[in-house]
Amino acid sequence: ADLSRYKSKSGTIELSNIFGQRVYKQPFYATGGQLKAVVDVNELPVGNYLLSVFLDGNKAGSKRVMVAR
């Protein structure tokens, strides 16, 4: 994710299930205005999720993702 337009470079990555329940949360610190993170989904059931990036407590962006095996 390109975070160059944001002042804060740290925040959290969250995954929510289709019911809106947060099932994963991971802090991050972006370097060079870019966020690169590995999200371990091995413990999550197959299905659709919403991946959201939060900066200073505000949602900076989100994207639907699918966990498949």
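In which strand is Ser 16 found? Ser 16 is found in strand β1, one of the four strands of a protein that has zero helices. This is a predicted model, in which local features need pLDDT of at least 70, side-chain atom pairs count only at pLDDT 80 or more, and totals for chains, interfaces and linings use all residues. Residues are numbered from 1 along each chain as its sequence is written, and side-chain values use heavy atoms, with hydrogens and water left out.

**Overall content and confidence**

- From the N terminus on, the order of elements is β-β-β-β; helices (H or I, at least four residues) and strands (E, at least two) are DSSP runs, numbered from the N terminus.
- The mean pLDDT of the protein is 87, and 86% of its residues reach 70 or more; pLDDT is the predictor's confidence in each residue, from 0 to 100.
- Among the elements, β3 has the highest mean pLDDT (94) and β4 the lowest (92).
- The protein has 69 residues, of which 32% count as buried; buried means under 20% relative accessible area, exposed over 50%, and partly exposed in between (1.4 Å probe, protein chains only).
- Of the contacts between residues at least 6 apart in sequence, 45% join residues at least 24 apart; contact means heavy atoms within 4.5 Å.

**The sheet**

- The four strands form an open sheet in the order β2-β1-β3-β4, with antiparallel pairing; two strands pair if DSSP finds at least two bridges between them.
- Its edge strands are β2 (22-29) and β4 (58-67), each of which pairs on one side only.
- Direction ignored, neighbouring strands of this sheet are turned by 20 degrees against each other on average; the axes are lines fitted to C-alpha atoms, for helices over the stretch in contact, and angles run from 0 to 180 degrees between N-to-C directions.
- Strands of a sheet pair through backbone hydrogen bonds, either parallel or antiparallel.

**Strand pairs**

- β1 and β2 pair in the antiparallel sense over seven bridges, and Gly 11 stands opposite Phe 28 in β2.
- Strand β1 (residues 10-16) also runs antiparallel to strand β3 (residues 47-55), and six bridges join the two.
- In β3, Leu 55 is the bridge partner of Gly 11.
- The antiparallel pair β3 and β4 has nine bridges, and Phe 54 stands opposite Lys 59 in β4.

- Not counting residues up to four places away in sequence, Ser 16 touches Gln 21, Arg 22, Val 23, Tyr 49 and Leu 50.
- Asn 17 lies in the loop between β1 and β2 and counts as buried because its relative accessibility is 17%.
- Leaving aside neighbours within four places in sequence, Asn 17 is in contact with Val 23, Asn 48 and Tyr 49.
- A polar atom of the side chain of Asn 17 lies 2.9 Å from the backbone nitrogen of Phe 19.
- Ile 18 is found in the loop between β1 and β2, and with a relative accessible area of 66% Ile 18 is exposed.
- Between Ile 18 and Gly 47, which are 29 residues apart in sequence, the C-alpha to C-alpha distance is 8.6 Å.
- The hairpin of β1 and β2 has five residues between the strands, and in this hairpin Gly 20 takes a positive phi near 85 degrees.

**The loop between β3 and β4**

- Asp 56 is found in the loop between β3 and β4 and counts as exposed because its relative accessibility is 62%.
- The hairpin of β3 and β4 has two residues between the strands, and Asp 56 takes a positive phi near 50 degrees there.
- Asp 56 and Thr 12 are 8.9 Å apart in space, C-alpha to C-alpha, and 44 residues apart in sequence.

How values were computed. A polar contact is a pair of N or O atoms within 3.5 Å; within protein, one must be able to donate a hydrogen and the other to accept it, and residues adjacent in sequence count only if both atoms are side-chain atoms.
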